[in-house]
Amino acid sequence: MEETVIYLNGEWVPKSQAKISVFDHGFLYGDGVFEGIRAYNKRVFKLDEHVERLYDSAKAIDLKIPHTQKEFSELILETCRKNKLVDAYIRPVVSRGPGDLGLNPMKCSKPTVLIIANPTISLYGDKYEKGLKLVTAHNRRNPPDCISPNIKSLNYLNNIIAVIQVNQRGADEALFLDKEGYVSEAAADNIFIIKHGKIKTPLTVTNLNGITRATVLDICEKLKFNAMETMLTQFEVYTADEVFMTGTAAEIAPIVNVDERVVGDGKPGPMTKQIAMAYKDLVHSSGTPIYT
């Protein structure tokens with residue numbers, strides 16, 4: 001099996017030779033941004049939207065990416081080509097680059113740009129059929145007046161602390177509340193609830209403006225489902241008929257247990273299944289072609 005090739009600062013190098021400086025501020029301080037992107041059937045799904053979000057995150061932290069968005073998109077496609085991928089999980093990363101041991105980003109010489117493209121993943125395996133277990137994290141989601149959750153940065157310690165609790169409590173994902181006690185998102189996904197046929201998801205002020213989340217809202221409109229963005233409480237999650245999460249890696253993941261409360265009848269719900277099927281059809285039939 002050929003070794004994965006990674007794009008790193010203008011070159012494609014074998015995985016074993018892809019190295020960055022120990023003085024890189026992405027490594028030292030989490031000073032950088034990233035994206036998670038999927039390719040299906042030789043097409044990259046929502047490539048432009050992901051690249052735009054990467055650049056928005058970079059702009060928010062005043063990090064200048066040394067490529068145009070069009071150039072960056074082409075680098076992603078070429079990385080997929082060099083690895084001969086049909087389906088893929090793609091991880092572009094841009095860090096502040098090597099500097100000194102101080103915090104000052106002006107001491108960093110130039111950004112580090114890398115793109116990893118691996119064969120696709122099934123994040124939760126057979127649990128898509130059975131449903132997942134969610135637990136509420138004790139720590140709260142970073143509030144936007146500290147650091148905006150819409151910045152997809154390399155500093156995911158807030159999320160990791162939540163995942164530690166997931167592991168300790170034998171669950172699959174964490175539910176974040178914001179500092180006011182309203183539902184924010186999951187540790188790595190956005191969250192939706194369904195009650196009496198109405199679909200609700202939190203506003204993106206306190207959670208990542210998910211691309212899969214936006215896609216699901218579009219799907220709901222096409223299916224003529226009643227979907228809305230609104231503030232949600234933990235009570236509404238506990239008493240929902242259906243709960244599901246969305247994310248590029250997770251896709252559409254049904255939740256059947258929240259803090260030991262059974263959701264609905266304890267099985268993935270019918271509306272969730274219909275949305276998941278529509279999403280699957282969409283990602284396998286659209287996107288930017290890798291090969292021309």
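Two strands are taken to pair if DSSP finds at least two bridges between them. In this predicted model, β6 and β7 pair in the antiparallel sense, over eight bridges. Within that pairing, Pro-92 stands opposite Ile-115 in β7. Strand β1 (residues 5-8) also pairs with β7 in the antiparallel sense, here over two bridges. Leu-8 faces Leu-114 in β7.

The largest nonpolar core holds 25 residues. Val-44, Phe-72, Ile-76, Ile-90 and Val-94 touch the most other members. At least two core residues come from each of β4 (37-40), α2 (47-60), α3, β6 (88-95) and β7 (112-119). Ile-76 illustrates the contacts made. Beyond its neighbours within four places in sequence, Ile-76 is in contact with Ile-37, Leu-47, Val-51, Ile-90, Pro-92 and Ile-115. A second, separate core comprises 21 residues, including Leu-132, Ile-193, Ile-255 and Val-263. In soluble globular proteins, nonpolar side chains tend to be buried together.

Cys-80 lies in helix α3 (residues 69-82). Its relative accessibility is 0%, so Cys-80 counts as buried. Residues up to four places away in sequence aside, Cys-80 touches Leu-85, Ile-90, Ala-117, Ile-290 and Tyr-291. The C-alpha atoms of Cys-80 and Tyr-7 are 10.0 Å apart, although 73 residues separate the two along the chain.

Two packed helices are described by the angle between their axes and the distance between the axes. For helix α6 (residues 211-222) and helix α8 (residues 270-283), the angle is about 110 degrees and the axes are 10 Å apart. Angles of 65 to 115 degrees count as roughly perpendicular, and α6 is therefore roughly perpendicular to α8. On the α6 side, the contact is made by Thr-212, Thr-215, Val-216, Ile-219 and Cys-220. Helix α8 contributes Ile-275, Ala-278, Tyr-279 and Leu-282. Seven residues of this contact are nonpolar and two are polar. None is charged.

Asn-207 sits in the loop between β12 (198-201) and α6. With a relative accessible area of 0%, Asn-207 is buried. Not counting residues up to four places away in sequence, Asn-207 touches Pro-149, Asn-150, Ser-184, Glu-185, Asn-190, Pro-202 and Arg-213.

Technical notes
Residues numbered from 1 in each chain as written. Predicted model: local features only at pLDDT ≥ 70, side-chain atom pairs only at ≥ 80, totals over all residues. Heavy atoms only, no water. Helix = DSSP H or I, 4+ residues; strand = E, 2+ residues; numbered from the N terminus. Buried < 20%, exposed > 50% of the residue type's maximum accessible area, 1.4 Å probe, protein only. Contact = heavy atoms within 4.5 Å. Axes fitted to C-alpha atoms, helices over the stretch in contact; angles between N-to-C directions. Parallel < 35°, antiparallel > 145°, perpendicular 65-115°, else oblique. Nonpolar A, V, L, I, M, F, W, Y, C, P; charged D, E, K, R; others polar. Core = buried A, V, L, I, M, F, W, Y, C linked by side-chain atoms within 4.5 Å.
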